[in-house]
Amino acid sequence: MRIVFRQADGDEIVADGAPGERLLHVGQRHGLPLEGTCEGELACATCHVIVDADDFARLPPAREEEEDMLDLAYGATRTSRLSCQIVLDETLAGLRVTVPR
C-alpha cells in the first residue's frame, strides 16, 4: 500500500508498505531520519511523525504510554504519533505523514 512521507523541507517520498508492517520500518527502509532507538518499546520519541489531519481519524487511538512519550517529542502537535506504534492495514492506504526536523 502507498504511504506518503513529507520531509521537513517539503519534499515527499512515496513508499510502499505491507499490511502488518510498522510505519517506522517503512520510513527507515526509504532512508528517512526515523531512529526508533527503543525499537518500538515506547521508551523514546525518536520515531515521531505528524499525521495529516485528514488521515488522523483513520488511526486507532494512541495508548497512554505513547501519549506520555509524545509529551517529550520536539514539535509535537495534536496529530503527532510514534511511527513504531502505527501498524499498517488496508484502511491506512494513502496515509500521509510529515517527518519533523
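# Close-up views

**View 1. Glu21 is buried, with a relative accessible area of 17%.** Buried means under 20% relative accessible area, exposed means over 50%, and partly exposed lies in between (1.4 Å probe, protein chains only). Arg29 is partly exposed, at 48%. The two side chains form a salt bridge, with N and O 2.3 Å apart. A salt bridge here is a side-chain nitrogen of Lys or Arg within 4 Å of a carboxyl oxygen of Asp or Glu. By this rule the count comes to 8 salt bridges. The model is predicted, so local features need pLDDT of at least 70 and side-chain atom pairs need pLDDT 80 or more, while totals for chains, interfaces and linings use all residues. Residues are numbered from 1 along each chain as its sequence is written, and side-chain values use heavy atoms, with hydrogens and water left out.

**View 2. The whole chain holds 3 helices and 5 strands.** Helices (H or I, at least four residues) and strands (E, at least two) are DSSP runs, numbered from the N terminus. Their order is β-β-α-β-α-α-β-β. The C-alpha trace spans about 30 × 25 × 25 Å along its principal axes. Of the 101 residues, 42% count as buried.

**View 3. Arg6 and Asp52 form a salt bridge.** Their closest N and O atoms are 3.2 Å apart. Arg6 lies in strand E1 (residues 2-6), and Asp52 in the loop between strand E3 (48-51) and helix H2 (53-56), so the pair ties together parts that are 46 residues apart in sequence. Arg6 is partly exposed, with a relative accessible area of 22%. A network of salt bridges links Arg6, Glu12, Asp52 and Arg96.

**View 4. E1 and E2 form a hairpin with 5 residues between them.** Strand E2 covers residues 12-16 and runs antiparallel to E1, with 5 bridges joining them. Two strands pair if DSSP finds at least two bridges between them. Glu12 is the bridge partner of Arg6 in E2. In the turn, Gly10 has a positive phi of about 95°.

**View 5. The side chains of Arg81 and Glu66 meet in a salt bridge.** The N to O distance is 2.8 Å. Arg81 sits in strand E4 (residues 80-82) and Glu66 in helix H3 (residues 64-70), 15 residues apart. Both residues are buried.

**View 6. The largest nonpolar core has 23 residues.** Such a core is a set of buried Ala, Val, Leu, Ile, Met, Phe, Trp, Tyr and Cys residues joined through side-chain atoms within 4.5 Å. Phe5, Leu23, Leu34, Leu82, Ile86, Leu95 and Val97 touch the most other members. E1, helix H1 (23-29), E3 and H3 each supply at least two residues. H1 gives the most, with 3. Leaving aside neighbours within four places in sequence, Ile86 is in contact (heavy atoms within 4.5 Å) with residues including Leu23, Val51, Leu59 and Leu95.

**View 7. Ser80 lies in strand E4.** At 4% relative accessibility, Ser80 counts as buried. The Ser80 side chain makes a polar contact with the His48 side chain, at 2.8 Å. A polar contact is a pair of N or O atoms within 3.5 Å; within protein, one must be able to donate a hydrogen and the other to accept it, and residues adjacent in sequence count only if both atoms are side-chain atoms. The backbone nitrogen of Thr77 lies 2.7 Å from a polar atom of the Ser80 side chain.
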